[in-house]
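I opened the model to look up its fold, its salt bridges and its helix packing. My notes follow the coordinates.

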Amino acid sequence: MKAMIERSGQRLKASRQEWDMRNTPSIEESVRHSDIVYNLVGRDYPTKNFDLEDVNVESAERIAEAVAKYDIDRFVHVSSYNADKNSPSAFFRTKGQAEEVVRSIFPETTLVRPAPAFGFEDKLLHKLAGAANVLTSNHMRERFWPVHVSKRIRHVIDREID
């Protein structure tokens, strides 16, 4: 799928391509002619085909290697707001490891650590609307200020274009 992004009278071409994170040539083909690459790959739970290490660390490593190989101008790695390689949480730990790996391969990597987001069919709104949260949204134990997914994307793109 291809999309056009218009910003300040400047026309930019954005494309999404299919690739396989275990197939390095498909990753290289996807980034080869790019000026900027956004790594939005990530998962907060393992699947039957991929564990958290595969998705969050190894895929980020392969993408960063391809970016470095083809000398792409900008690489933006979208991580997680609590990424920490020493975290007891496997998700936050793998996100922290990925940040370290991509920076070691491509030191100019821009790291983005977005806050929780809400949007169509997201986990946040489903959690808040669940039967267990009828009286209080989170039993008054935590506070957070989520952002809508479309605003997060717009902010990341605008920041990198300027």
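These entries run from the overall layout to single residues.

**Entry 1: ground rules.** I am working on a predicted model, where local features need pLDDT of at least 70, side-chain atom pairs count only at pLDDT 80 or more, and totals for chains, interfaces and linings use all residues. Numbering starts from 1 along each chain as its sequence is written, and side-chain values use heavy atoms, with hydrogens and water left out.

**Entry 2: layout.** I looked up the secondary structure and found five helices and seven strands in the protein chain. Helices (H or I, at least four residues) and strands (E, at least two) are DSSP runs, numbered from the N terminus. Along the sequence I read β-β-α-β-α-β-α-β-β-α-β-α. I then checked burial: 31% of the 162 residues are buried. Buried means under 20% relative accessible area, exposed over 50%, and partly exposed in between (1.4 Å probe, protein chains only). Next came contacts, meaning heavy atoms within 4.5 Å. Of those between residues at least 6 apart in sequence, 61% join residues at least 24 apart.

**Entry 3: salt bridges.** How many salt bridges does the structure hold? I found five. The criterion is a side-chain nitrogen of Lys or Arg within 4 Å of a carboxyl oxygen of Asp or Glu.

- E28 and K69 meet through their side chains at 3.2 Å, N to O. E28 lies in helix α1 (residues 24–31) and K69 in helix α2 (residues 52–69), so this pair ties together parts that are 41 residues apart in sequence. E28 is buried at 16% relative accessible area, whereas K69 is exposed at 53%.
- K85 and E100 form a salt bridge at 2.8 Å, N to O. K85 sits in the loop between β4 (74–78) and α3 (90–105), and E100 is in helix α3, so parts that are 15 residues apart in sequence are tied together. K85 is partly exposed at 40%. E100 is partly exposed at 45%.
- R32 pairs with E29, and their closest N and O atoms are 3.3 Å apart. R32 is partly exposed at 35% relative accessibility. E29 is partly exposed too, at 42%.

**Entry 4: α2 against α3.** Two packed helices are described by the angle between their axes and the distance between the axes. For α2 and α3 I noted an angle of about 15° and axes 9 Å apart. Axes are lines fitted to C-alpha atoms, for helices over the stretch in contact, and angles run from 0 to 180 degrees between N-to-C directions. α2 and α3 are therefore roughly parallel to each other, the class for angles under 35 degrees.

Which residues meet? On the α2 side I listed L52, E53, N56, V57, A60, E61, A64, E65 and A68. On the α3 side they meet A90, F91, T94, K95, Q97, A98, V101, V102 and I105. By class, this contact has 11 nonpolar, three polar and four charged residues. Here Ala, Val, Leu, Ile, Met, Phe, Trp, Tyr, Cys and Pro count as nonpolar, Asp, Glu, Lys and Arg as charged, and the others, Gly among them, as polar.

**Entry 5: backbone check.** Most residues other than glycine have a negative phi. I flagged D71, which has a positive phi of about 50° although it is not a glycine. Where does D71 lie? I placed D71 in the loop between α2 and β4. D71 counts as exposed, at 61% relative accessibility.

How values were computed
Angles under 35 degrees count as roughly parallel, over 145 as roughly antiparallel, 65 to 115 as roughly perpendicular and the rest as oblique.
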